[in-house]
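Work through the exercises below with the sequence and the model at hand, trying each task before reading its solution.

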Amino acid sequence: MTTKNGSAEIFELDDARARLRAAEVDPKNFLAVGPYLEAVRVKQGLSLDAIAEGTHIKAAYLEAIEQMDVASLPSKPFAIGFVKVYAEALGLDPAPVVDRFKSEAGFSAAAAPREEQAPAVPAQPSGPAEPSKLSFIAVIAIIAFMIWCALTITRPRDISEPLKLGGVPTPPVEAADAAPASEHMPAPEGVTPQPLPVIIEARAIEKIEPIYPPNCEVGAAPVETVTLAYTITPEGQVVTERVVDTTNKCFDRAALNAITRWRFEPRTVDGAPRPAFEQIVKFNFLRPS
């Protein structure tokens with residue numbers, strides 16, 4: 001009779017659940033791979049410290065990956081390796097994640113070809129130099145001709161002068177009789193004009209106002225503001241929320257917690273849900289009286 005290792009079964013079950021939760025996050029809804037990894041991590045309820053402990057990668061490096069702060073990462077091979085391990089820890093297929101990171105971080109650009117050195121020009125034998133410059137009169141003539149051509153091309157034509165076709169003058173067209181170009185130039189036969197897409201922007205259906213944090217009241221101004229940017233998924237959820245401007249960092253967390261609980265009717269294009277990127281909202285925190 002054989003027995004199974006209970007801890008191994010738990011690990012395999014947790015790993016399967018992690019892969020399931022990761023599949024719920026669509027990478028096409030994110031402008032960069034870093035915010036996508038962050039959304040998968042949050043979906044699984046994991047902190048940066050937990051990932052750092054499991055992968056032995058510093059939390060600061062993991063945060064730099066999520067923020068696409070390439071300058072804060074170590075050398076290129078280490079950065080790519082960290083991304084691969086991070087993706088595997090979240091239950092993701094690391095290959096597409098690494099490829100996208102290399103592309104967005106500028107690691108996959110081909111090296112510029114080396115410029116070939118121009119062959120040395122052999123020394124000319126010494127001797128009497130031939131004249132290589134145009135005479136002063138020729139230069140003046142060329143400049144005058146160029147000025148005359150420029151004036152001829154740019155000079156406005158008198159529109160009151162009727163055009164002549166075959167030597168017969170045509171009567172001038174009065175402005176009142178002129179019809180729009182679209183009336184005289186119908187669409188080519190057999191070509192159907194394409195209608196413009198019908199776009200309906202996202203609309204909030206549930207808003208949660210942020211709660212004034214009591215620990216921030218001391219030293220706070222009468223009104224503190226936090227401006228956030230976020231993306232609305234085709235399902236109407238908020239992802240990749242981040243602070244773009246703040247008057248007091250103590251209030252940032254309260255604003256982020258509020259925006260993640262908003263729900264939307266998603267943006268649609270011809271009736272099909274589409275993500276809405278770079279949405280902006282500003283929260284005002286009024287100091288309690």
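The model is predicted, so local features are given at pLDDT of at least 70 and side-chain atom pairs at pLDDT 80 or more, while totals for chains, interfaces and linings use all residues. Residues are numbered from 1 along each chain as its sequence is written, and side-chain values use heavy atoms, without hydrogens or water.

**Exercise 1.** Find E224 and determine which side chain of opposite charge is nearest.

Solution. Begin at strand β5, residues 223–232, which contains E224 (strands are DSSP runs of E, at least two residues, numbered from the N terminus). E224 is buried, meaning under 20% relative accessible area with a 1.4 Å probe and protein chains only. The nearest opposite charge is on R287, 7.4 Å away, and E224 has no salt bridge (a Lys or Arg side-chain nitrogen within 4 Å of an Asp or Glu carboxyl oxygen). Next, look for a polar partner: the side chains of E224 and N248 are joined by a polar contact of 3.5 Å (N or O atoms within 3.5 Å, one able to donate a hydrogen and the other to accept it).

**Exercise 2.** Locate the two cysteines of the disulfide and state where each one lies.

Solution. The structure holds one disulfide (cysteine sulfur atoms within 2.5 Å), and the bond runs from C216 to C250, with an S to S distance of 1.8 Å. C216 sits in the loop between β4 and β5, whereas C250 sits in the loop between β6 and α9, 34 residues apart. Finally, the torsion about the S-S bond is -80°, a left-handed link.

Notes
Helix = DSSP H or I, 4+ residues; strand = E, 2+ residues; numbered from the N terminus. Buried < 20%, exposed > 50% of the residue type's maximum accessible area, 1.4 Å probe, protein only. Lys, Arg positive; Asp, Glu negative; His and termini not counted.
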